[in-house]
Amino acid sequence: MNRLEKLKNKYFDGTLSEEEMKQLKELSSKNKKLKEELKEIDKLKEVMKMLRPINPEKEWEEYWSSLYNRLERRIGWIVFSIGAILTLTFLGVQFLKEVIKDPKIALYAKVGFISLLLGFVILLVSVVRERLTLIKTDRYSKEVKK
């Protein structure tokens, strides 16, 4: 590292002696490129003053809290969805009980009815869950008139 680089580094660190500062100013008055570099260093120092120090323990605590909340909600939604699907399917099967018990209806038709009912219930729960999530997260719902 040459002398000028050392002076620039010390300037950046704010550790220049008065004599070194004089030398650097004298050099920058003769060298336009160096003058621009010092201006860039000053801008960088200003930006670095605006940065806030990070408290790693607090950041990790917020991260784990947020992760826990998200996992908890997702697991809650999954369990709720499974419960809703099973309950609605049970009610649908009760409704179709007569069809299922009827020996005159072919097995493939019974499987078709059950598949149709199960698919309908899954789609219904999915759409309701999606609409509920959208209502909570749609930031522009108040601005846009429906």
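Reply: A residue counts as buried when its relative accessible area is under 20%, as exposed when over 50%, and as partly exposed in between. Please keep in mind that this is a predicted model.

Me: Is Glu 20 buried or exposed by that scale?

Reply: Glu 20 has a relative accessible area of 10%, and because the limit for burial is under 20%, Glu 20 is buried. This residue is found in helix H2, which spans residues 18-30.

Me: Which residues is Glu 20 in contact with, leaving aside its neighbours within four places in sequence?

Reply: With those neighbours set aside, the contacts of Glu 20 are Arg 3, Leu 7, Lys 10 and Thr 15.

Me: How is a pair of aromatic rings described?

Reply: The description rests on the distance of the centres and the angle of the planes. In this structure, a search of the whole model finds four aromatic pairs. One of them joins Trp 60 and Tyr 63, with 5.6 Å centre to centre and 90° between the planes, an edge-to-face arrangement. Both residues lie in helix H4, three residues apart, about one turn of the helix.

Me: How do Trp 60 and Tyr 63 stand in accessibility?

Reply: Trp 60 counts as exposed, at 53% relative accessibility, whereas Tyr 63, at 39%, counts as partly exposed. A further edge-to-face pair is formed by Trp 77 and Phe 80, at 5.7 Å centre to centre and 90° between the planes. Trp 77 and Phe 80 also lie in helix H4, three residues apart.

Me: Where does the charged end of Lys 45 sit?

Reply: The charged end of Lys 45 sits over the ring of Tyr 11, 4.8 Å from the ring centre.

Me: How much space lies in the largest pocket, and which elements give two or more residues to its lining?

Reply: The largest pocket holds about 260 Å³ of space. Helix H4 (56-101) and helix H5 (107-137) are the elements that give two or more residues to its lining. H4 gives the most, with six residues. The lining includes Arg 70, Trp 77, Arg 129 and Lys 136.

Conventions
Residues are numbered from 1 along each chain as its sequence is written. This is a predicted model: local features need pLDDT of at least 70, side-chain atom pairs count only at pLDDT 80 or more; totals for chains, interfaces and linings use all residues. Side-chain values use heavy atoms; hydrogens and water are left out. On a 1 Å grid over the protein atoms alone, a cavity is a set of points where a 1.4 Å probe fits but cannot get out, and a pocket is an open set with protein on both sides within 12 Å along at least five of seven lines; lining residues have an atom within 4 Å of a point. Grid points are joined across faces, edges and corners, and a volume is the space filled by probe spheres set on the points. Helices (H or I, at least four residues) and strands (E, at least two) are DSSP runs, numbered from the N terminus. Rings of Phe, Tyr and Trp (its six-membered ring) pair if their centres lie within 6.5 Å; planes under 30 degrees apart count as stacked, over 60 as edge-to-face and the rest as tilted. Buried means under 20% relative accessible area, exposed over 50%, partly exposed in between (1.4 Å probe, protein chains only). A charge sits over a ring if NZ of Lys or CZ of Arg is within 6 Å of the ring centre and within 35 degrees of the ring normal. Contact means heavy atoms within 4.5 Å.
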